[in-house]
Amino acid sequence: MNHASPSHAVQPLVDALIAARRSARVRLHLLPFDARDHWQELESQLDCVQSRIEYEGARIRPNAADKVRELTESVAKFLRQHRLDVS
């Protein structure tokens with residue numbers, strides 16, 4: 001019995017997390033020092049969710065997409081708050 005996940009099932013979720021992280025990392029040098037702690041928290045959450053998605057594969061819970069959307073929105077809000085978004 002094969003428990004491996006088809007990569008197409010979880011890859012869009014992983015890609016969304018990677019894109020959010022890259023979007024922020026490009027502009028991190030512009031952050032004030034106090035905002036970097038908040039970014040570290042967000043990045044830790046991104047890492048945790050990405051690892052869980054990659055590990056669980058096909059067994060991933062249905063709310064994983066909601067968590068990814070929540071995190072990517074949090075990153076976008078963070079960037080807007082610090083005027084780092086690219087519009």
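Helices (DSSP runs of H or I, at least four residues) and strands (DSSP runs of E, at least two residues) are numbered from the N terminus, and, read along the sequence, this protein follows the pattern α-α-α. The model is a predicted one, in which local features need pLDDT of at least 70 and side-chain atom pairs count only at pLDDT 80 or more, while totals for chains, interfaces and linings use all residues. Residues are numbered from 1 along each chain as its sequence is written, and side-chain values use heavy atoms, with hydrogens and water left out.

**Overall make-up**

- The protein holds 3 helices and 0 strands.
- Of its 87 residues, 31% are buried, where buried means under 20% relative accessible area, exposed means over 50%, and partly exposed lies in between (1.4 Å probe, protein chains only).
- Among contacts (heavy atoms within 4.5 Å) between residues at least 6 apart in sequence, 75% join residues at least 24 apart.

**The nonpolar core**

- A nonpolar core is a set of buried Ala, Val, Leu, Ile, Met, Phe, Trp, Tyr and Cys residues joined through side-chain atoms within 4.5 Å, and the largest one here has 20 residues, with L17, W39, I53, V75 and F78 having the most contacts inside it.
- Each of the helices α1 (7-25), α2 (33-56) and α3 (64-81) supplies at least two residues of this core.
- Leaving aside residues up to four places away in sequence, L17 touches L46, V49, Q50, I53, V68 and L71.

**The aromatic pair**

- The structure holds 1 aromatic pair, and W39 and F78 form it in a tilted arrangement, 6.0 Å centre to centre with 35° between the planes.
- Rings of Phe, Tyr and Trp (its six-membered ring) pair if their centres lie within 6.5 Å, and planes under 30 degrees apart count as stacked, over 60 as edge-to-face and the rest as tilted.
- The pair links distant parts of the chain, since W39 lies in helix α2 and F78 in helix α3, 39 residues apart.
- W39 is buried, with a relative accessible area of 1%, and F78 also counts as buried, at 0% relative accessibility.

**The largest pocket**

- On a 1 Å grid over the protein atoms alone, a pocket is an open set of points where a 1.4 Å probe fits, with protein on both sides within 12 Å along at least five of seven lines, and lining residues have an atom within 4 Å of a point.
- The lining residues of the largest pocket are C48, V49, R52, I53, E56, I60, R61, N63, A64 and K67.
- The elements giving two or more residues to this lining are α2 and α3, and the largest share, 5 residues, comes from α2.
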